[in-house]
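Please read them with the structure open beside you.

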Amino acid sequence: MGASNQWLEIQGMKKKLSRSYDFVQYHNKEAILPYAISYFSSLINIDTLHREILPAMNQKDISLIQDLKGAIPIEDNILSTDTILIEKKLLNGYVLIELLNDKTNVLLIKAAVRKSRSISTPENEFTVMGPKEALIEDLDTNIHLIRKRLPIPGFITTEVKIGTMSQTKVAILYIENVTDDDNVSTILKRIQDIQYDAISDVAVLNQMIVDDSLSIFPQTIDTERVDRIVGALSDGYVVIMCDGSSSAIIAPATFGILLTSFEDYYLNWILASFFRIVRVISIFLSVIVTPLYVAILTYHYEIFPSKLLGTLISSRSSIPFPPIIEALFLEITIELLREAGARMPSKIGQTLGIVGGIVIGTASVQASLTSNVLLIIVALAALASFTTPVYRVTNTIRFLRYPCLLFAQLLGLFGIALFGIFVLTHLIKLTSFNRPYLSPLYPPRIPDMKDFLIRLPFGMQKYRPTFLRPKDKARFSFFEGFRFRDFDED
């Protein structure tokens, strides 16, 4: 009686699924072994069905479902009568086989199709030097790209499914004998606590697990580069990847790491340090250079040398607007060009950005809407904001410029200083998975300074970042005769 009820439940479940056009049900009562097969045609590999599964149905020595299980040369197969499990497996690319003369169990065989684009070069983190492999939307392929670079048993991947509707696979990656257990458990618990219907990308997941979701500063590193992920894992970071996403997030993060390009490690340490300093200066100038223009022309004319002051006055002699309106007009115009270029097809977007910038900039100066000095300043600020290697930091810089402009208009140079104090206070209080965001500046960590603003030679970077509290602190060991070309250990 129980088997009969379970069989009826399975038929009811199949009837519910049959409302989708891609759910296929096929009955063959004339075969040697009468059977019924059900599957989603959009989820399974048809070649696997015809090459591996159907030929086994015509074997004469099979009479029970258990015999069929051993005859099909596919390892992932399950005998069950659990309706919930059967429905879940069907929705994940399994084929359901029922023997019409044996209603004790049904057989589920994995025949899922794997369709994904080929591995390509990084688009958002393109570099001249280093590997050119980027992540794709298939989680198994991404893990393969990482594991072939870390062929060690300590490389652990933990899978979690989240999203009540999407059932998205999320992988937490770390090196067991290096990564601090607290970092792993904190991230894993936050992911498991998520109650949401659909997680479509790792960026959505990221917003749900960070310490302060109201902060505009990114508290994780998002990357599509395989080499950067491998480097982060070897340092003791935790990597989070999501099926269907072509990027991963590295946690915890500090503000200094967000300003670091992985190409720095492929360059001579002197050049790498120089480029890092250039990035920091560029970010600082990108935020304050336009507000400085507004503050000085509004309140502090005396700062300018007399020769330069005459040039500024003559450039603004026919401008009918105060500096703040002039600056906002150009800044908003730049933002419109950025957004339009980003949303248009690539070739059209590049043309739009170049032509639009030249035409609008020239026309605004000729129409006496803006001064040519401010046009140069805004253009330099826009270029400086693109020197950051992480796109989300670029967005943060773009946003910070507007409240800084407001403070400059209201209070002049004091307003810019006050705004800087507010931002610095926020950064000091901010944490990334319970790790200080401004490390190694605050709290001071002298060993980590070797790979912060200045990247010292590899021979002087024996230890992993201390703020991660790695289990194995040393990257390498010194021994008799050990020597780096540019550094000898005393």
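1. A salt bridge, as the term is used here, is a side-chain nitrogen of Lys or Arg within 4 Å of a carboxyl oxygen of Asp or Glu. By that criterion Asp264, Arg276, Arg279 and Asp451 are linked in a network of salt bridges, and a search of the whole structure finds 19 salt bridges.

2. Please keep in mind that this is a predicted model, in which local features need pLDDT of at least 70 and side-chain atom pairs count only at pLDDT 80 or more, whereas totals for chains, interfaces and linings use all residues. Residues are numbered from 1 along each chain as its sequence is written, and side-chain values use heavy atoms, with hydrogens and water left out.

3. Arg276 lies in helix α10 and Asp264 in the loop between α9 (255-258) and α10, so the pair ties together parts that are 12 residues apart in sequence; helices (H or I, at least four residues) and strands (E, at least two) are DSSP runs, numbered from the N terminus. Arg276 is buried at 3% relative accessibility and Asp264 is buried at 1%, where buried means under 20% relative accessible area, exposed over 50%, and partly exposed in between (1.4 Å probe, protein chains only).

4. Which residue meets Asp180 in a salt bridge? The partner is Arg435, with an N to O distance of 2.8 Å, and the pair links distant parts of the chain, with Arg435 in strand β12 (residues 435-436) and Asp180 in the loop between β7 and α6, 255 residues apart. Both Arg435 and Asp180 are buried, the relative accessible area of Asp180 being 13%.

5. Asp193 is partly exposed, at 47% relative accessible area, and Lys189 is exposed, at 51%.

6. Turning to the nonpolar cores, which are sets of buried Ala, Val, Leu, Ile, Met, Phe, Trp, Tyr and Cys residues joined through side-chain atoms within 4.5 Å, the largest has 46 residues, of which Ile146, Leu173, Leu233, Val239 and Met241 touch the most other members. Apart from that core lies another of 21 residues, including Leu33, Tyr35, Val95 and Ile97.

7. Finally, the structure holds 0 disulfides (pairs of cysteine sulfur atoms within 2.5 Å). Cys242 is buried at 1% relative accessibility, and Cys404 is buried with a relative accessible area of 1%.
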